[in-house]
Amino acid sequence: MVPKKEKKKAKLAVWKFASCDGCQLSLLDCEDELLAVADAVDIANFPEASRAIVKGPYEISLVEGSITTPHDAERIHRIRRASKFLVTIGACATAGGIQALRNYTDVREFTSAIYASPKYITTLQNSTPITDHIPVDLELRGCPVNKYQLIEVVSAYLNRRKPNVSPYSVCIECKLRGHNCVMVARGTPCLGPITHAGCDAVCPGFDRGCYSCFGPKETPNTRAMAERFEEMGVSADDLVRMFRSFNAEADEFRKESIIHERQD
Amino acid sequence: MDENPAFKVGDQLILQGSDFSELIVRLKAAAYRVVGPMVRDGCIVFDEISGVEDLPAGFGDNQDAATYRLRQCDDMALFGYNNGPQSVKRFLYTPQREIWKARRNRKTVSIHLPDTEPVKTAFLGVRPCDLNAVLIQDRVFTRGEYLDDDYNKRRENSLIIVVNCTEAGKTCFCSSMNTGPRATAGFDLALTEILHADHHYFLLEVGSDRGLSIVAGMPCDHASDQQLRTAAESVTRAADNMGRSIDASGLKELLIRNIDNVYWDSVGHRCLTCANCTMVCPTCFCSTVEDTTDLTGNTAHRIRRWDSCFTMDFSYIHGGSVRPSAKARYRQWIIHKLASWHEQFGTSGCVGCGRCITWCPVGIDITEEARAIRQRDIRPAEVSETMEV
C-alpha cells in the first residue's frame with residue numbers, strides 16, 4: 001500500500017501592528033467555519049489563537065493594524081518579503097485607524113499627557129496605512145472586517161478565483177436588503193452613499209445612519225455629500241468628526257475633513 | 001350554483017369599503033400569497049399581508065426631492081398614500097437569486113439548478129405607473145432572444161390588482177409619461193378608492209379572466225353612471241395635481257444630440273454615484289453574476305444580483321472602467337432611461353413614478369435635468385457645424 005499523499009496546505013499567517021486585535025479576532029469569530037479554515041490552511045502565525053510560530057515563507061499573510069513606530073516600519077518590510085499574497089485587514093491597516101486622529105495634532109502632547117516618562121516612548125508622528133510602506137495585494141475594509149468577507153478572501157485565494165468584495169456604496173446593500181433609507185425617510189445624516197460596502201448595511205438596518213466603518217467607496221463624492229449634510233443642519237465641527245473617525249487617514253476623508261476645520 | 005353570472009371581463013363594479021376584506025379573503029382562498037402595502041420603519045413598503053388590517057389605513061406621505069415623510073391623514077383611506085421606496089420589482093425580479101450550484105465528488109462535477117417554484121402571488125395596490133413598469137420589464141425579460149426563466153415563472157404566477165391614483169405626490173410625473181394616474185390595460189383587477197363624508201367604496205374593474213375568477217361571487221353591484229363619474233373625477237384630480245412634469249416631445253433626439261453638452265458637468269458635481277436611483281427604479285433591470293466557492297472548493301454557487309450602471313465594476317473592461325466619472329455614469333443612466341430605451345425595447349424606460357427623485361440622497365431630479373438640457377440644447381444646426389470641423 002502506498003500511503004495516501006497528503007495535499008500540502010497553504011501557510012497562513014496573521015500579523016499585528018497598531019490595532020485593537022478586533023480584526024484578527026473576526027477570524028476566530030468564524031465559529032461555524034473555523035474548523036474548515038483550519039482544515040484548508042496551516043495556521044503558521046496567529047498570536048490571538050496560538051503561540052506556535054511556523055517559519056515562513058507564507059502563502060497568505062493577513063496584516064492587521066497601522067504603522068506607528070519606527071520598529072514597525074521596518075518589520076512590515078520583512079513580512080512583505082516573507083509573504084506571497086498579502087492582505088491588509090481592517091481600517092487601521094487600510095486607512096490608519098482611529099489612532100490616525102493624532103495625525104491632526106502633535107503626538108508629543110499625547111505621550112506627555114499619558115506616560116509618566118514619555119522619553120521611553122518611541123513613536124512616529126503619524127499613524128499610516130500599510131500601503132504607505134509596502135505594495136499590498138488586497139485591502140479588506142472595515143472596523144472590524146466582516147468575517148464572511150475574510151473567509152471569502154481566503155476561499156477565493158485557495159480556489160484561484162476573484163474574491164467578491166465590491167467597492168460600491170452601502171446604499172446598494174441597503175436596497176438589496178430592503179431597508180428604508182434613513183437619510184431620506186428620517187432625515188438622519190448617513191455616510192452610506194460615500195461608504196464602501198461590506199458590512200451588509202448593519203446600521204441603517206437598525207434605523208441609524210452609517211458611520212463609515214468601511215471608509216470611502218470607489219469614487220466618493222465627499223464634497224456633494226458634505227454640502228447635503230450642511231443643508232440638513234450638520235455643523236462644521238460635526239462634519240469634521242464624521243469624516244475623521246476609523247478611516248481618518250483615508251485620502252478623500254482627510255481632505256474633506258480639513259475643508260470643515262475651523263480656522264482658529 | 002352559478003354565482004353572479006352577470007359579471008364578465010371589462011365590467012365596472014362597486015365594492016363597498018366594508019366588504020373590502022372579502023377581496024383578500026378570496027385571494028387567500030384561491031391560494032394566493034397576498035403582497036400589499038404596509039407601514040414599516042417610517043415608510044410604506046410592499047410585503048406579505050395577512051388581512052385588511054395590515055393595510056396603511058389613514059396614512060399618507062409628503063415627498064419631495066431627497067425627502068419622504070409619513071403622515072397621518074384625517075380620513076381612513078386604505079390607499080391614500082403615494083408610492084413608497086419599493087415597487088413589485090423586488091418580487092418579480094428579485095434582488096438576488098441562485099442560478100445554479102455545483103458539487104464536486106472525487107472526479108465528477110454535478111450541476112444543480114434551483115428547484116423552487118415561485119409562489120402564486122397577488123400584488124395588491126400596484127399603482128398604474130408601476131403596472132407600466134412591470135409591462136416594460138415583461139418586454140425585457142419575456143420577449144426577444146434573451147428570456148429570464150425565473151421572471152417568467154414569477155409573472156405567470158402573479159395576479160395584479162392596481163389601485164388608481166386619486167392623489168399625486170410632489171415627485172410624481174406619470175401624466176407626462178402616459179402611464180397614469182389611471183391604468184387602462186394589463187391588470188387583472190383595478191380599484192379606484194372613493195371616500196366621501198360617509199361613503200367609502202371602490203370602483204372595481206375586471207381586467208382578466210384571472211381577476212374575474214376572484215371577483216365572481218363577491219358582493220358587488222354594477223357601477224352607476226354617477227359612481228363612474230365620481231371615480232373619473234377623482235383620478236382627474238390626481239392628474240391635475242401632478243407634482244412634476246417632463247416634456248417628452250423629441251426627448252430622445254434632444255438627449256442624444258446633447259451627449260457632449262457641458263451641462264452634464266453640473267450633474268457630475270452633485271451625483272454621489274451611490275446607485276439609489278437605479279435600485280428604486282421599477283424598470284432598471286441590470287444585474288451582475290457572482291461565483292463563490294466554499295473553502296474546500298467542493299461546492300460552488302453562481303448567483304445573480306442587482307447591479308447598477310453607477311458602479312465602476314459595471315463598465316469595467318480590460319484596462320479599467322469605461323465610465324470613471326460621475327458625469328459619464330449619470331448621463332449614461334438618463335440617456336438610456338429616456339432615449340435609447342426606445343430603440344432597445346420600443347418604449348421609454350421611465351414611467352414617471354418619481355422614486356429616483358425622492359430617494360436620491362442629494363435630490364437630483366430627472367425632470368429638472370431633462371429640462372436643463374432642453375434649455376441648453378445644442379441645436380441640430382450647431383451639431384452639424386461641430387461635425388464639419
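Predicted model: local features only at pLDDT ≥ 70, side-chain atom pairs only at ≥ 80, totals over all residues.
**Domains of chain A**

I began with salt bridges between domain 1 of chain A and domain 2 of chain A, and the count there is zero. For a salt bridge I needed a side-chain nitrogen of Lys or Arg within 4 Å of a carboxyl oxygen of Asp or Glu.

Residues are numbered from 1 along each chain as its sequence is written, chains are lettered from A and ligands numbered from 1 in the order in which they are written, and side-chain values use heavy atoms, with hydrogens and water left out.

I then looked up the bounds: domain 1 covers 10-158 and domain 2 covers 170-259 in chain A; such bounds come from an automatic or database domain assignment. Their centres, taken over C-alpha atoms, are 25 Å apart.

I found 18 residues of domain 1 of chain A in contact (heavy atoms within 4.5 Å) with 17 residues of domain 2 of chain A. I also noted seven residue pairs in polar contact between these domains, both residues at pLDDT 80 or more. A polar contact is a pair of N or O atoms within 3.5 Å; within protein, one must be able to donate a hydrogen and the other to accept it, and residues adjacent in sequence count only if both atoms are side-chain atoms.

Which helix gives the most to the domain 1 side in chain A? I got α4 (residues 91-95), with three residues. Helices are DSSP runs of H or I, at least four residues, and strands are runs of E, at least two, numbered from the N terminus.

**Chain B against chain A**

Next I turned to the two chains. The contact takes 46 residues from chain B and 38 residues from chain A. I read a buried area of about 3100 Å², with 55% from carbon and sulfur atoms. Buried area is the accessible area (1.4 Å probe) that two parts lose on being put together, summed over both. B:Leu272, B:Leu295 and B:Pro361 supply 22% of the area that chain B buries against chain A, more than any other three residues.

How many salt bridges did I find between chain B and chain A? The count is zero, but 23 residue pairs are in polar contact across this interface. On the chain B side, β13(B) has the largest share, four residues.
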